[in-house]
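These notebook entries record what I looked up in one structure.

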Amino acid sequence: MKRLAKILGVVTIPPVIGGILLTLLQLTEGSGFNDGFHYWLSMSFLVFLPLLAYPIHAAFPKLRKGGREAQRKMALVVAPVCYLLGLILALYFGAPYGYLVFALSYVLSMAFLLFLNGVVKVKASGHACGVTGPVVLAAYYMGSWAWLWLLLLPLVYWARLTANRHTVKELLFGTLSALLGTVIAILMV
């Protein structure tokens, strides 16, 4: 069971889920996401570049010695920088509404996650956050069938609990970070 939990933990890292749902939105006619330039811009700054946290961690022996906790910290440094740059570029290049909401929701969700982790000292789950936000956005743009993606959330909870990576409280805080960031982004743009 621990092996399956580990596999689910890898497959459900935030950039993977975000990339899958951004691609579904891109392919869904009438979603307002049918813009190749902004799709690739979003994929670059919300998916591909944040994934660099993992090879960066692996490339430096000092970071590798820090194990999973150092890897998590690296992701919490690389991802917010990428998300913020992605939002700035989306604004600069006049991204359509949907892409702006997606980018802003990532920035706000990460800000809440960093606040909880850094100030409140709760290890809020990035996995829970990274699944919840994109799923809510997909449902918002694609309709009710996209809520089926929320079925991933219990799997993420199970995997993170089984792997002893988070408590239920930490998973809930990650979920709430994404809900809050996403709803505010939808209301702001």
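**Entry 1: Helix H2**

I began with the burial of H2, and I recorded Pro14, Pro15, Ile17, Gly18, Gly19, Leu21, Leu22, Leu25 and Gln26 as buried. Buried means under 20% relative accessible area, exposed over 50%, and partly exposed in between, with a 1.4 Å probe and protein chains only. I note that this is a predicted model, in which local features need pLDDT of at least 70 and side-chain atom pairs count only at pLDDT 80 or more, while totals for chains, interfaces and linings use all residues. Residues are numbered from 1 along each chain as its sequence is written, and side-chain values use heavy atoms, with hydrogens and water left out.

H2 spans residues 14-27, and its 14 residues reach 20 Å from first C-alpha to last, close to the 20 Å expected at 1.5 Å a residue. The expected span is 1.5 Å times one less than the number of residues. Helices here are DSSP runs (H or I, at least four residues), numbered from the N terminus.

I then asked what covers the buried residues of H2. The cover includes H1, H3 (36-51), H7 (97-120), H8 (126-142) and H9 (152-162).

**Entry 2: Nonpolar cores**

A nonpolar core is a set of buried Ala, Val, Leu, Ile, Met, Phe, Trp, Tyr and Cys residues joined through side-chain atoms within 4.5 Å. The largest has 46 residues, and Leu22, Phe33, Leu46, Tyr83, Phe102 and Val131 have the most contacts inside it. H2, H3, H6 (67-92), H7, H8, H9 and H10 (168-188) each supply at least two residues of this core. H7 gives the most, with 12 residues.

I looked up valine 131 by itself. Neighbours within four places in sequence aside, valine 131 is in contact with Thr12, Ile17, Leu152, Leu153 and Val156; contact means heavy atoms within 4.5 Å. I also found a second, separate core of five residues, which includes Ala53, Ala75, Val78 and Cys82.

**Entry 3: The largest pocket**

On a 1 Å grid over the protein atoms alone, a cavity is a set of points where a 1.4 Å probe fits but cannot get out, and a pocket is an open set with protein on both sides within 12 Å along at least five of seven lines; lining residues have an atom within 4 Å of a point. A volume is the space filled by probe spheres set on the points, which are joined across faces, edges and corners.

The largest pocket holds about 280 Å³. Among its lining residues are Lys2, Lys6, Val10, Tyr54 and His127. H1 gives the largest share of this lining, four residues.

Is valine 10 buried or exposed? Valine 10 counts as exposed because its relative accessibility is 53%. This residue belongs to H1 (residues 2-11). Valine 10 and histidine 127 are 117 residues apart in sequence and 9.6 Å apart in space, C-alpha to C-alpha.

**Entry 4: Cavities**

How many cavities of 30 Å³ or more does the whole structure have? My search gave two. Of its 25 lining residues, Pro14, Tyr83, Met110, Leu113 and Gly126 are the closest to its centre. H2, H6, H7 and H8 each supply at least two residues of that lining.

The second largest cavity has a volume of about 50 Å³. Its lining includes His38, Phe45, Gly86 and Tyr99, and H3 gives the most to it, with four residues.
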